[in-house]
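Work through the exercises below with the coordinates open. Each task is followed by a stepwise solution.

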There are 2 protein chains.
Amino acid sequence: MGEFELLARLRERLPAAPPHVHVGIGDDAAITVPPGATATSVDALIEGVHFRREYAGLGQIGHKALAVALSDLAAMAAEPGEAYVVLHVPADLSEDGCIELLDGIAELAASTGTTLAGGDITRAPGLAVAITVVGHGEEPRSFVTRAGARAGEALVVTGELGGAAAGLLVLERPELGAGIPAELVEQLRGRQLEPQPRLAAGRALASTGASAMIDISDGLGGDARHLAAESGVGLRIDSEALPLAPGVAEIAAAAGLDFLQLAAGGGEDYELLATLPVQQLGAVESTANKAGTALTWIGEAVRGEGVEIRRPDGGLLEPAGFDQLG
Amino acid sequence: MGEFELLARLRERLPAAPPHVHVGIGDDAAITVPPGATATSVDALIEGVHFRREYAGLGQIGHKALAVALSDLAAMAAEPGEAYVVLHVPADLSEDGCIELLDGIAELAASTGTTLAGGDITRAPGLAVAITVVGHGEEPRSFVTRAGARAGEALVVTGELGGAAAGLLVLERPELGAGIPAELVEQLRGRQLEPQPRLAAGRALASTGASAMIDISDGLGGDARHLAAESGVGLRIDSEALPLAPGVAEIAAAAGLDFLQLAAGGGEDYELLATLPVQQLGAVESTANKAGTALTWIGEAVRGEGVEIRRPDGGLLEPAGFDQLG
């Protein structure tokens, strides 16, 4: 298999590039004219670290690689623009396998308005996908960073928590799902294998006054710490308010784990965590609902530093494991 | 080692970002305001495929990863802008090792005016570095693609050929260098381990009328074929005109190889191959020399298709191996 043949097959499968992408795949570099300010992020998924082919289909691996990258754009409230893909092709991945993986990327790209504009396909000892995404906004202030939270503001989270961690548990130990409906198990697996970037919700939050925003990739506790540190505030979270994904409590119980650890420390939910003025809560909830995403008020920003997640018994939850390399 | 500690160490070592980079490393995405049109490219270097730690220092690996990416911007005549780094960290690479590699990137970034604006550092089974670079130009037409060559134009190449391939030979088989001065062997190793992106030469070529341009990563023959195909012309190259790097003929002879195969098929020289109107040859040569790069007239664009490299005996050279995945 040659890289050029693979690229030719890939190019045939992609839609025409939009007008601001003057040159896409196939030259030394892609040429674009960004309409204003750009937000750029890159994420890598590596076999054995971030996924296993035993339970993730190739299309799902491609989907997740782009979803994870786009989730960072969602957290900036950026409009998705272009994506640049690095694909490490091991000896046991066929050309058809490459196409299946790239199709997973291309489908999510199409449904989110992202243009695949370039990349590098190279043989490698192991499978890995890294995607750089470029998002657009009118000006730098159109984007929401991690740094704008103020004491007294409300802390909200989109969607549901713990689903991706519970999904990973049932993928690794299918017997844990025996006590809940198969449909629910399937949903949890989907949360792990095919996360959906909250692009519309991110823009809804920005348009209704979000002052700081981050996506939950490392776990609520860890990402809340980043937001608190960059904003120079403390965050107080009420664990009883956390919106648990259906089935998380049951899977946690079957695994002998604290379900709050899954919800607050499990990671990979790719929901958005944001602060905003309390008086905006009504407006933002209605806008987010229109964007198809639930929104839950889970805490507040306070003077000080650090993150406290308070348990029902008044003790503090210590989300573990979110500060390690990976 | 935590990713955040490593990022903190890295951020301390980087110069302040220029004004058009509003947010650099440390948020969900970097925020920039591109001044006009952008050229974006990504390249990956993978241990065991593109380098070996037995002969490449960590700083050299970092340097080469960025150089290879910037070489694509050179071939577009773009001004280097931002770089986004994915670093795969295997178990046997220490935090100090990571810093040494990232320093190699940072040094070339500083000397070329490139801002390290983001990235992803993740553990992985093997060492790999992928870098996305964004370059700038006033408008899309400021960039030189592969597609503009016209029949009758001159074909020129910067610098010298075959050095990187000869350098790889002496790195793998040091005894091949026994017959030439140690200084020359060292130069050839440098061509392989620390290529220099021809950024100034690329802009010089563009400013004096280059109609199409490509960097020589796969080998002169292979990259000439890309340029010919994208432009819809044929290319005729005189092998006697090829500017051989000093020592290439001797290393090839010691290895029992045809030196023209090294020069035309060896790859990784990261010189620029360009077409331009014949009447511009004088002007472009003088501009390139001012930019510190020699320029050699090696052939011409003709009606038709494909690439012919004519040997001194009138036969055709068939550069091998440039069309494989990798």
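Predicted model: local features only at pLDDT ≥ 70, side-chain atom pairs only at ≥ 80, totals over all residues.

**Exercise 1. Find which element supplies the largest share of the lining of the second largest cavity, then describe that cavity.**

Step 1. H2(B) supplies the largest share, 3 residues. Helices here are DSSP runs (H or I, at least four residues), strands are E runs of at least two, and both are numbered from the N terminus.

Step 2. Residues are numbered from 1 along each chain as its sequence is written, chains are lettered from A and ligands numbered from 1 in the order written, and side-chain values use heavy atoms, without hydrogens and water.

Step 3. Define the cavity. On a 1 Å grid over the protein atoms alone, it is a set of points where a 1.4 Å probe fits but cannot get out; lining residues have an atom within 4 Å of a point.

Step 4. List the lining. It includes B:Leu45, B:His50, B:Phe51, B:Tyr55 and B:Lys64. Helix H2 (58-76) and helix H5 (182-193) of chain B each give at least two lining residues.

Step 5. Sort by class. The lining has 6 nonpolar, 3 polar and 1 charged residues. Ala, Val, Leu, Ile, Met, Phe, Trp, Tyr, Cys and Pro count as nonpolar; Asp, Glu, Lys and Arg as charged; the others, Gly among them, as polar.

Step 6. Give the volume: about 50 Å³. A volume is the space filled by probe spheres set on the points, with grid points joined across faces, edges and corners.

**Exercise 2. Characterise the largest cavity.**

Step 1. Its space is about 100 Å³. Of its 15 lining residues, the closest to the centre are A:Thr38, A:Thr40, A:Val134, B:Thr38 and B:Val134.

Step 2. Assign elements. Strands S3 (37-46) and S4 (79-89) of chain A each supply at least two lining residues, as do S3 (37-46), S4 (79-89) and S6 (128-137) of chain B.

Step 3. Count classes: 6 nonpolar, 7 polar and 2 charged.

How values were computed: 1 Å grid on protein atoms, 1.4 Å probe; cavity = no way out; pocket = protein on both sides within 12 Å on 5 of 7 lines; lining within 4 Å.
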